[in-house]
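Thank you all for coming.

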Amino acid sequence: MPDAFNMDNIPFSLLNEDEQALLGKNLDIGYFQQGEAIITAGEKPEGLFIILKGRVSESEAADKSEDGGGQHIFVHYENEDYFGGWSAVRGTAIHNFVADEETICHILPTRTLLDLIASNAQFADYFQQNLAVKSEIVAQHGGNQDMAEFMLARITDATVREPLVVEQGTSIKQATELMRQHKSDCLLARRGGRYGMVTGTDLLDAVVINEKPLDTDIIDVASFRLITIDHEDYLFNALVMMTQQQIERVVVMDGQSMVGVVELTDVLSYFSSHSHVIGLRIERAGTIEQLREAAQGLNELIKALISAGVKIRFTMDLLAAMNGRIISKLFDLIIPADMQPHVCLIVMGSEGRGEQIMKTDQDNALIYRENLVWPGMQETLNRFSENLISFGFPPCPGNIMVSNPEWVNSVGDWTQHLSDWADTCEGNAQMNLAIAVDAKPVAGNEALFKVARNWFLRHLRNNDVFFSHFARAAVEFDTPLTFFGNLKDKGQLDIKKGGIFPIVHGVRTLALEHRILKTNTFQRIETLVEQKVMQAEHGSDLSEALALFIQLRLRQQIRRAEEQEDGLDPTPNQIDLQQLNKLERDLLRDALHVVKGFKKHLATRYHLGG
């Protein structure tokens with residue numbers, strides 16, 4: 001075998017030593033002049049070709065291109081890309097593969113390829129299976145395994161501490177002595193079958209601030225509203241939970257039984273990034289300037305997570321939690337304390353879905369109780385929007401922000417807006433409604449938001465005409481695939497129109513129809529599968545496709561932002577196909593086929609033909 005062949009690339013890295021030896025024994029070398037046909041449509045391929053040097057184009061069999069002139073080139077292959085595998089398995093090629101320049105290829109004969117497919121299930125799956133299977137293979141065997149292993153670590157893989165437990169009747173003095181003796185900064189107080197958490201800070205507040213006697217029962221200090229996590233949950237989810245709840249430990253449960261406590265230090269021993277450092281800076285910020293400084297570290301955190309290979313869903317969950325805390329903290333700093341119980345701040349669009357990573361346009365609104373008297377309300381809200389802009393949250397081009405009085409409404413007015421948009425369901429009304437149904441409360445009195453949301457869901461019940469109109473937007477944009485199912489190779493691809501929006505809006509419509517309260521698209525898909533509205537395999541493919549689209553877009557956003565003097569990406573939704581390697585192009589093509597199938601399903605379900 002030529003030394004130049006790289007066994008570290010997927011799918012060849014999936015082979016064991018004996019299989020790699022078999023591959024090496026049968027591997028050949030081919031030399032092709034510029035313009036020479038390597039594989040011709042309609043003929044039986046020689047095998048799988050892996051490019052060592054040069055460039056190869058894949059094109060249609062004859063003059064069937066969409067513009068009617070010349071052969072349409074689907075994609076180009078370059079160093080270490082492979083091609084011809086599917087044609088070799090199928091037995092006949094349907095496309096032409098031509099050397100664009102002098103090209104040298106390794107050739108794996110068809111017989112050997114089929115032998116490897118027969119002996120190695122994952123190798124076979126990579127050539128033959130669906131997007132979810134391919135993505136899982138890449139996740140398991142791709143680069144950045146150390147980080148990937150952390151992201152898949154379970155709670156039980158970390159140090160689950162056996163907590164210090166005391167019974168009802170233990171005094172504050174006795175509990176303090178026990179904590180010092182066991183070198184613990186927290187304990188669990190048991191009353192019957194229930195446990196309450198007591199931290200060192202709780203004891204200090206009880207004695208110094210509340211002036212409780214030292215013989216006070218520890219039960220009177222304990223908090224019985226425990227934040228818990230299942231012992232089989234992901235360790236990363238514990239980090240997200242700690243960030244959201246502003247705590248440093250969670251109680252680990254196995255059903256109704258307590259297993260122990262996992263602390264922030266246990267998580268950080270696995271995960272050594274500065275994510276929680278930023279979280280602590282957010283919580284400790286006592287001024288707007290301190291909060292601004294903390295918020296400005298998020299972009300660097302995003303880059304660190306992505307470059308380390310952290311899964312996109314984990315990244316979104318963590319960043320959504322941090323963005324939510326930043327907005328909530330700013331609310332606490334700017335909105336007068338006596339007004340906070342009477343208003344509810346909501347975020348909408350991608351922020352409401354928890355799918356915003358690089359900061360995009362603000363989409364927020366305020367709901368307030370009927371007959372509220374708040375002099376200077378609009379001036380305060382203007383200051384809130386201005387500060388968010390200074391934190392790096394750009395203003396919304398459509399002015400969907402609390403600085404716009406149209407997005408500051410009483411509960412009654414907000415429900416009326418939702419009703420009017422649903423009854424119109426055209427143009428701006430549909431766009432406003434789509435943004436609004438992804439709303440999530442982040443600060444203030446959540447009950448105000450829930451009253452309006454629940455009324456709106458009852459208003460839509462059994463309204464088939466509405467859902468037919470609402471779903472139509474998901475199928476309006478063309479899927480960027482050719483007649484033969486390959487990528488339309490035009491250099492740039494709008495991934496939002498072609499992939500992200502059809503999934504997000506289609507799933508949004510299904511979730512709204514079935515009164516699913518979750519706003520995150522991935523969670524909506526999981527709930528639709530649980531309710532048997534969607535098949536498990538279909539749901540898995542949709543989730544993998546959406547994650548891939550978001551990840552590809554994010555990587556190119558980061559690259560383009562670094563090239564701009566102002567650090568902004570002028571084309572945030574454009575994917576440069578020439579920047580993708582063979583593996584990414586294959587996965588992108590498969591993901592777009594998932595989108596195409598989903599749109600057909602929506603068209604049938606909501607009668608969108610014509």
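Predicted model: local features only at pLDDT ≥ 70, side-chain atom pairs only at ≥ 80, totals over all residues.

Let me begin with valine 373, which counts as exposed at 63% relative accessibility, where exposed means over 50% relative accessible area, buried means under 20%, and partly exposed is what lies in between, all with a 1.4 Å probe and with protein chains only. Valine 373 sits in the loop between strand S16 (364–368) and helix H16 (377–390), and its C-alpha atom is separated by 9.3 Å from that of methionine 339, a residue 34 residues apart from it along the chain.

Residues are numbered from 1 along each chain as its sequence is written, and side-chain values use heavy atoms, with hydrogens and water left out.

Now for the chain as a whole. There are 24 helices and 20 strands in the chain, and buried residues make up 52% of its 610 residues. If we take the contacts in the chain with a separation of 6 or more, 72% of them are accounted for by residues 24 or more positions apart, contact here meaning heavy atoms within 4.5 Å.

Leaving aside residues up to four places away in sequence, phenylalanine 449 touches Cys344, Ile346, Ile367, Ala439 and Pro441. Of these, Ile367 is 82 residues apart from it along the chain, and yet the two C-alpha atoms are separated by 6.8 Å.

The buried ones are Ala429, Gln430, Asn432, Leu433, Ala434, Ile435 and Ala436, and what covers them includes helix H15 (349–353), helix H17 (411–424), H19, helix H20 (464–471) and H21.

That brings us to H21, and to the question of which residues it uses to meet H23. The axes of H21 (residues 495–513) and H23 (residues 536–563) come within 10 Å and cross at roughly 140 degrees; an axis is a line fitted to C-alpha atoms, for helices over the stretch in contact, and the angles run from 0 to 180 degrees between N-to-C directions. The two helices are therefore oblique to each other, since angles under 35 degrees count as roughly parallel, over 145 as roughly antiparallel, 65 to 115 as roughly perpendicular and the rest as oblique. From H21 come Ile495, Lys496, Gly499, Ile500, Ile503 and Val504, and they meet Leu542, Ala545, Leu546, Phe549, Ile550 and Arg553 in H23.

H21 has another partner in helix H22 (residues 521–530), where the axes come within 10 Å and cross at roughly 50 degrees, and H21 and H22 are therefore oblique to each other. Here Ile503, Val504, Val507, Arg508, Leu510 and Ala511 of H21 make the contact with Thr521, Arg524, Ile525 and Leu528 of H22.

For a pair with another arrangement, look at helix H9 (residues 235–245) and helix H14 (residues 312–334), whose axes come within 9 Å and cross at roughly 10 degrees. That makes H9 roughly parallel to H14. Phe236, Asn237, Val240, Thr243 and Gln244 in H9 meet Phe314, Asp317, Leu318, Ala321, Met322 and Arg325 in H14.

I will finish with two residues whose backbone deserves a look. Asparagine 399, in the loop between H16 and strand S17 (408–410), has a phi near 60 degrees, a positive value in a residue other than glycine, and it is partly exposed at 34% relative accessible area. Histidine 607, in the segment after helix H24 (582–605), has a positive phi of about 55 degrees although it is not a glycine, and it is exposed, with a relative accessible area of 67%.

Methods: Helix = DSSP H or I, 4+ residues; strand = E, 2+ residues; numbered from the N terminus.
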